[in-house]
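Visitor: Please show me the structure, and then I will ask about how its parts pack.

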Amino acid sequence: MSYLTIRPQPLGIFALPAGYLVLPPTNEPCAATALAALLRGATPTEWPTAWQFYAHALAGNLSAALAALPPFPQPIAAYNRYVLTGSADADLILHVLLDEELACLYEIAAFTMGHRHELPSLTAATGEIRALGLITYAAAAIERDDLSAADHYFAEAITAALPVSPPLAGQIYVNRAELAIQTGGELTTITAWLQKALDLIPTNGLVEIRARAAMQLGQILQERANGQRSLLQAVVRCYQEALRFFQRETHPLEFAFLQNNLALAYLAMPMTEAGDRLRGAIAVQALRAALSVYDPHQHPQEWMSVRMNLANALQYVHSARPADHLLEAVSIYEDLLQRRDPVADPAGYARLLANLGNALAHLGIFAEARARLNQAATLFTQIGDESAVATIHELLANIDHHEAVVNNAKD
């Protein structure tokens, strides 16, 4: 007989141990609503008494979860006790007690917890159980560095999960995309997988997985945007989605990373609409939010990079107080120059000098602007960056022209 009368089970939706537990049948009225919540990766607001062990496991209280299991050796309770204790002592009795797909699920759990060395047989496995087994196959393939096989198993797992547990399929799409990102996979395909993941994972469940998918999709789209407004708008939506979960208080580094990238996406948008001025202001706020996390001692590279981005943004975005913005930008550039080594990083040092010279020119401090720009031109010449040298010469010519206009007006 089959002990698994509830299908699909929320298998693989949550991490071990909860994601491997089996829900026993119950006639309690709230069971259907609770199961629906678990299948989308959310915590039910009301639990059936028979599923209290699952509630405790999900909350991380394994002692309470074990205490909530039935004391007599029902097969499902025996399996759940094995998952919760992580003990191989019951191996023999479980072999005798379990059959069909529950036996298969036991083999999957035993392999995952390191109690068995043979991969589970999936001959009798269907739906979400087969998907969970194939995820185990994929993990084993990754361990033996057979990444092609791992991708194949992920694809089969998606096929198994899709009809019965779409959020689980979405989660597997994220895993498949992350593996492809690590191995230099084709970006168009990875983009499609991440988009499918976001389509399958509901907005009110699996929030962390959904945020991870959104962050990675945003990064890939940003790399490919090349100034295209529609792509950059998609990037902004991805980062905003990810920031719903990655908040400063709970995930400060992800929060800072996302805020910096969000600002760069806003700043890269062509200034063609009235709302673009507001986007510039939002970008400055986002960069300040990132700097509220990054520390010059703990995250020196990130801190310097975001400070540079902030100075550039202050110089170019619309402001009711442009002089204040320019003065702040000059202060940041001068501070960063003190922290950069022109020998170790001549290109980076030259770019700082060029930006500082440009900001000084906008403030009308022409003599100092020329000095900084000439220093930058010398460094760019030494490293053979002719394009940058030409840009510097153009800036110097603009200063000459602007100064001549000002002097003629005075005469």
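Visitor: What is the handedness of the crossing of helix 6 and helix 7?
Guide: This is a predicted model, where local features need pLDDT of at least 70, side-chain atom pairs count only at pLDDT 80 or more, and totals for chains, interfaces and linings use all residues. Residues are numbered from 1 along each chain as its sequence is written, and side-chain values use heavy atoms, without hydrogens and water. Helices are DSSP runs of H or I with at least four residues, numbered from the N terminus. A crossing counts as left-handed if the near helix is turned anticlockwise from the far one by less than a right angle, and as right-handed if clockwise; that of helix 6 and helix 7 is left-handed.

Visitor: Which helix supplies the largest share of the lining of the largest pocket?
Guide: A pocket is an open set of points on a 1 Å grid over the protein atoms alone, where a 1.4 Å probe fits, with protein on both sides within 12 Å along at least five of seven lines; lining residues have an atom within 4 Å of a point. The largest pocket has 20 lining residues, and Tyr20, Thr112, Ile135, Thr136 and Ala139 lie nearest its centre. Helix 6, helix 7 and helix 9 (166–182) each supply at least two lining residues. The largest share, eight residues, comes from helix 7.
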